[in-house]
Amino acid sequence: MFFWSLVLIAVGIFSSFIYGRSRIKLNSKKQGTKSKSLPNYYAQYVLMWCLFPALIVYFSWAIFQEQIIQNIVISNFEYIEGAVYNEGLLLAEIRNVANNPSFADGKSIEIINAASHYSSLRQISQISFYTSIIIIMLLGALYASQKLKPEFHAQHTIEKYIQYILIFCSSVAIFTTIGIVFSLIFESLRFFAEVSIFEFLFSTEWYPFIPIREGQTAAEGSFGAVPIFAGTFLVMVVAMCVAAPLGLLTAIYLAEYASQRVRKIVKPLLEILAGIPTIVYGFFAFVSVAPFVKAFGQSIGIDASPTSALAAGMVMGVMIIPFISSLSDDVINSVPQSLREASLGIGANKAETIKKVILPAALPGIVGAFLLAISRAIGETMIVVVAAGTAPNLTGNPFENVTTVTVQIVVALIGDQEFDNPRTLSAFALGLVLFVITLFLNIIALQIVKRYRERYE
Amino acid sequence: MNNSIAKEKIISLRKKRSLEDMRFKYYGFTAMCLSLAVLVFLLYTIFSKGYTAFQKTIVLLEVDYNQEVLKLTPDSSDEDMEKGKFFRVKKQAIENFFPDLSKSDIKLVKKLFSINVDKEIKDYFLDNPEVINTKQQIWVTAHSDVDQLLKGNSRRDVPEDRRKLNDIQLSYVDQLVEENRVKQVFNNFFFTKADSRHPEIAGVAGSFMGSLFTLFTVFILSFPIAIGASVYLEEFAPKNRITELIEVNISNLAAVPSIVFGLLGLGVLLNVFGLPRSTPLVGGSVLALMTLPTIIIACRASLKAVPPSIKEGALAVGATKTQAVFHHVVPLALPGTLTGTIIGLAQALGETAPLIMIGMIAFIPNIPTGLTEPSAALPVQIYLWVESAERGFQEKSAAAIMVILIFLFMMNAIAVFLRNRFERKW
């Protein structure tokens with residue numbers, strides 16, 4: 001349905017453009033004056049008035065049609081007294097029957113009635129959708145064509161419209177942030193209505209098992225996220241233990257020692273490392289590193305589990321090496337040459353210059369780079385989902401199975417999503433924590449780096 | 001005397017210091033080499049685990065297309081032929097696969113064949129209807145367990161109860177190998193089929209198309225918006241607090257974990273707007289929002305690189321600001337913008353977590369044909385296969401990784417080509 005309406009809109013704007021062009025030429029000929037702007041601007045004017053109202057109708061239909069239809073169907077549904085209905089399941093059933101008449105066998109009469117109601121509503125909606133698109137395009141073109149007079153400054157108007165469009169484009173970033181914050185806070189509030197925020201932040205028991213069906217016996221879920229935070233922290237520490245020295249030393253070597261040729265070869269290779277999708281690292285961790293860690297643990301007498309914080313953290317460390325090395329490389333390169341020369345001039349050799357002059361001078365920038373890397377490690381998902389395990393475990397032993405914030409978000413949302421269930425909602429609360437922490441780290445890091453840059457400019 | 005001791009001390013100190021210098025340089029070099037060695041090891045692991053997935057094992061099966069068994073006649077219509085009793089033909093063929101099989105043996109033999117064999121027997125017949133009432137030797141797909149055994153991915157020497165194939169089945173496979181009734185050929189299923197519960201007939205075609213549709217959506221949404229946003233911020237925006245807010249926003253969005261974008265998609269696009277779950281439309285929208293900062297940053301850099309004299313020249317001959325920017329600055333910045341967009345798309349291609357959040361992780365056994373159809377995506381497919389307990393999926397996941405890496409490599413190559421070919425140095 002929506003494809004053909006796009007074709008309809010395309011035809012509409014094309015003809016409106018042609019119409020606008022010929023109309024203004026005709027009008028100016030009639031009046032015997034030249035138009036204030038080139039004919040194309042008048043054509044664009046008609047086109048915009050034709051296109052944008054149609055697009056608004058199109059998108060609002062695409063977004064709201066299904067919901068409105070569903071609400072009407074549900075509100076007209078003949079409930080049988082005494083029976084308990086799950087609205088989501090009911091809707092799915094009605095939709096199935098409506099889309100696929102063969103499913104109707106054996107369904108109750110209310111459902112079949114509702115399904116036919118549903119399909120008739122869909123049909124009505126479709127017809128009115130096409131008519132309203134055509135009408136709105138015609139109205140737009142009609143309105144615009146009244147302005148097609150030679151004394152009308154079409155170009156000014158068009159340029160004003162373009163400004164609005166550009167402003168809209170740049171505010172998408174703001175809308176995105178607002179969307180993120182609101183969806184996280186809204187669902188988290190629903191979660192905290194059922195689970196106390198203190199339990200969530202300070203309790204150490206994470207058993208999010210809540211009976212899904214009525215009558216199913218299960219313990220009350222408990223949502224203490226401390227083991228999850230601890231697991232995230234452990235994996236992050238392991239990752240930084242790998243990435244910080246390797247990344248920093250690589251950056252120092254590339255910035256201070258390596259010849260131009262080596263830099264030219266190594267930097268793109270490191271970029272490859274940075275461009276590899278994280279699921280590929282996850283596969284690597286699962287297939288190569290985790291068995292190796294297990295074998296290594298056994299050889300030194302530690303009972304390592306097949307998925308461990310160490311395996312996930314090490315691979316995550318490899319993932320952020322290029323991140324740290326390229327940021328630190330930039331930072332080291334922006335240390336003024338005069339500092340280097342002064343140090344070398346009083347007889348220090350290169351290593352001493354780096355250790356005693358360049359690194360202290362670059363320290364804030366490097367700290368900023370590390371903070372950005374930490375924020376990335378905390379937010380990384382696929383490696384830990386594949387290689388770190390899903391059972392919460394409050395431990396400091398990297399050979400054990402731990403779980404992280406991101407893993408728990410995935411686990412909570414991977415199966416049936418029931419938005420009246422704290423199990424599903426917990427994902428949003430964890431997401432909020434993740435968002436706040438990474439945002440905080442980021443702002444600090446950017447501030448540090450910015451101040452550092454200003455110092456040497 | 002004193003003098004020479006001092007001299008010696010200085011010399012030894014200098015030696016120590018230069019040794020230290022050497023050592024430090026060596027540390028740096030080792031670190032760099034280690035990082036690159038990991039890269040090589042990673043690629044090696046993927047290749048060595050994955051290359052076997054490009055081959056499949058097929059078995060020679062003698063099929064008797066007897067018209068009574070099929071319940072067909074030589075002049076049956078095409079429609080009737082569709083309804084032929086091919087499962088009976090297959091049953092018979094398996095019963096006679098080895099001479100003198102007992103009932104329990106037949107069950108074991110049956111497990112050597114893929115579930116797809118019925119269809120292969122049928123397709124062979126439909127392609128050559130003249131074979132009715134003849135015996136045909138046709139190559140059919142072997143079960144994944146046989147396939148893995150012959151590729152050496154599963155081992156023979158583990159105890160029988162921990163093996164997929166028991167001792168009798170192993171002896172059957174050995175016999176087949178001896179009689180040359182089994183061979184390995186190019187695995188066309190891997191490239192033409194979608195996901196399946198059976199590793200031997202699972203392929204990447206479905207998830208590949210899903211990824212293409214997703215990337216298409218990302219491109220359609222993010223490219224115009226990114227250009228609009230960066231043109232505004234670079235050329236038109238007044239220096240005020242709102243502009244600053246937008247800029248801070250963009251740089252912060254670039255560092256928001258991808259999984260949070262997934263939650264945005266779930267909370268807003270699916271729950272509030274009610275867009276269809278598991279579809280490239282929603283996946284692409286989420287990834288577009290995620291890659292937008294990357295593209296905007298690249299786009300602004302290339303707009304900045306256009307020298308102001310171009311714009312000033314246009315303004316001097318009477319163009320309005322909008323004309324100067326859109327007719328002169330933007331076209332010159334376009335190659336850089338495209339490069340940035342392709343790099344953003346490459347990032348979106350490998351992104352997994354947001355797609356899992358919006359339900360693209362569902363098991364989809366057919367190839368999607370549109371933006372609003374449920375579909376898988378390559379990285380999610382890899383995840384599903386990595387997590388799968390079935391041994392045969394491991395090589396598939398590695399091979400799918402090879403596909404995605406080749407795809408990424410090509411995109412980056414195009415980006416580099418565009419940059420070198422069209423970007424002007426002023």
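In what order do the 3 strands of the open sheet in chain B stand? In this predicted model, local features need pLDDT of at least 70, side-chain atom pairs count only at pLDDT 80 or more, and totals for chains, interfaces and linings use all residues. Residues are numbered from 1 along each chain as its sequence is written, with chains lettered from A and ligands numbered from 1 in the order in which they are written.

The order is E2-E1-E3, with antiparallel pairing; strands (E, at least two residues) and helices (H or I, at least four) are DSSP runs numbered from the N terminus, and two strands pair if DSSP finds at least two bridges between them. Strands E2 (135-141) and E3 (182-186) of chain B each have a single partner strand, so one side of each lacks a neighbour in the sheet. E1 (residues 55-64) of chain B is joined to E2(B) by 7 bridges, and Val63(B) lies opposite Gln136(B) in E2(B).

The contact between the chains draws 72 residues from chain A and 67 residues from chain B, residues being in contact if their C-beta atoms, placed from the backbone, lie within 7 Å. On the side of chain A that touches chain B, helix H5 (residues 154-194) of chain A supplies the largest share, 19 residues.

H5(A) packs against helix H12 (residues 258-270) of chain B with axes 9 Å apart and at an angle of about 70 degrees; axes are lines fitted to C-alpha atoms, for helices over the stretch in contact, and angles run from 0 to 180 degrees between N-to-C directions. The two helices, H5(A) and H12(B), are therefore roughly perpendicular (65 to 115 degrees). Among the residues of H5(A) that meet H12(B) are Gly179(A) and Leu184(A).

Note on methods
Contact = placed C-beta atoms within 7 Å. Parallel < 35°, antiparallel > 145°, perpendicular 65-115°, else oblique.
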